[in-house]
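Dear colleague,

I am handing over the structure below for your files.

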Amino acid sequence: MSPFFRHFQSFPALLSLFLWFADDGIAREIDFTRDVRPIFSENCFHCHGFDAKARKAGLRMDDEVSAKEFIIEGKSAQSELVYRLITDDPDDLMPPANSHRTLTPEQIQLVKDWIDQGAEWGGHWAFERVPEIGKDFNPTTHPIDQFVKKKLEEEGLTPTPRAAPHTLVRRAALDLTGLAPTPEQVSSFSADPSQESWEKLIDEFLSSDGFGVRMAWDWLEVSRYADTNGYQGDRERTMWPWRDWVVRAFNE
């Protein structure tokens, strides 16, 4: 991953911290899954997680019942967990020095605030119930817009203006095919940027061979696909039939 991409990948986290420690001095409501679990995952799970063989002291920080044996809800100052994070005693400090892991002062404060707010646990976002659409929802827009609008209002933000037609075409083409749009596609939609034209354009991208290639891209990347060994002589590997199968599966 390039340093450029990593920079922008971290932007949501930086924005979250900025909004958290805003000048109004009011602590925002902490969400366990979004704010706290990543801290535990990075610093605690390797010794106190789901791997029973690697687990130490019988403590699981990925399990609510086990973790809350060291937490007094609403009282961070009296919680064993906080003591372990801030103590000067090297024998009690967690994570231990030899783990080469450490929490930042901001992360420790997040854990404290979470406990003081009641230490409410949370499951994986994929298993959380989706909020219902409000009665005042505008049926001419996409349902997801309601939730985006609500969050923007909570943070005192306003959406940017709608992108120009040629920008919308470029975004759709790159997202769905991995390729830039043709000049004809840009000029056609720019001349008639209606909803009907937009849906026709999306269908065109979805029906193109490039769609399957773009969708297969991520799957092949995860499985470390390569046409050659890439090492010790770089001999050819007959992997292309599987690659073509994945592409064809998406396109069909």
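Helices α9 and α12 are roughly perpendicular to each other, because angles of 65 to 115 degrees count as such, while those under 35 count as roughly parallel, those over 145 as roughly antiparallel and the rest as oblique. Helix α9 covers residues 165–177 and helix α12 residues 209–222; they pack at an angle of about 65 degrees, and their axes are 6 Å apart. These axes are lines fitted to C-alpha atoms, for helices over the stretch in contact, and the angles run from 0 to 180 degrees between N-to-C directions. On the α9 side, the contact (heavy atoms within 4.5 Å) is made by Leu-174, Asp-175, Leu-176 and Thr-177, and on the α12 side by Gly-210, Phe-211, Arg-214 and Met-215. By class, the contact of α9 with α12 has 4 nonpolar, 2 polar and 2 charged residues. Here Ala, Val, Leu, Ile, Met, Phe, Trp, Tyr, Cys and Pro count as nonpolar, Asp, Glu, Lys and Arg as charged, and the others, Gly among them, as polar.

Please note that this is a predicted model, in which local features need pLDDT of at least 70 and side-chain atom pairs count only at pLDDT 80 or more, whereas totals for chains, interfaces and linings use all residues. Residues are numbered from 1 along each chain as its sequence is written, and side-chain values use heavy atoms, with hydrogens and water left out.

The chain as a whole

The chain has 13 helices and 0 strands. Helices (H or I, at least four residues) and strands (E, at least two) are DSSP runs, numbered from the N terminus. Of the 252 residues of the chain, 26% count as buried; buried means under 20% relative accessible area, exposed over 50%, and partly exposed in between (1.4 Å probe, protein chains only). Among contacts in the chain with a separation of 6 or more, 47% are accounted for by residues 24 or more positions apart.

The nonpolar cores

In soluble globular proteins, nonpolar side chains tend to be buried together. A nonpolar core is a set of buried Ala, Val, Leu, Ile, Met, Phe, Trp, Tyr and Cys residues joined through side-chain atoms within 4.5 Å. The largest such core has 22 residues, of which Phe-40, Met-61, Leu-81, Val-111, Trp-114 and Ile-115 touch the most other members. At least two residues of this core come from each of α3 (32–43), α6 (80–86) and α7 (105–116). The largest share, 5 residues, is that of α7. Leaving aside neighbours within four places in sequence, Trp-114 is in contact with residues including Ile-30, Val-36, Phe-40 and Trp-121. A second, separate core of 10 residues includes Ala-163, Leu-176, Phe-189 and Leu-201.

Trp-121 lies in the loop between α7 and α8 (144–154) and is buried, with a relative accessible area of 16%. Its C-alpha atom is 6.8 Å from that of Glu-64, although the two residues are 57 apart in sequence. Beyond four places in sequence, the contacts of Trp-121 include Phe-32, Met-61, Glu-64 and Trp-114.

Phe-205 is found in helix α11 (residues 195–206) and is buried at a relative accessible area of 3%. Among its contacts, apart from neighbours within four places in sequence, are Val-169, Leu-176, Thr-177 and Phe-211.

Tyr-225 is placed in the loop between α12 and α13 (240–251), and is buried with a relative accessible area of 18%. Not counting residues up to four places away in sequence, Tyr-225 touches Leu-220, Arg-237, Met-239, Trp-240, Trp-242 and Arg-243.

Backbone points

Most residues other than glycine have a negative phi, and most peptide bonds are trans. The peptide bond from Met-94 to Pro-95 is cis, with omega near -5 degrees, and Pro-95 is in the loop between α6 and α7. Ala-57, in the loop between α4 (45–48) and α5 (64–67), has a positive phi near 60 degrees and counts as exposed at 81% relative accessibility. Arg-224 also has a positive phi, near 60 degrees; Arg-224 lies in the loop between α12 and α13 and is exposed, with a relative accessible area of 72%.

With kind regards
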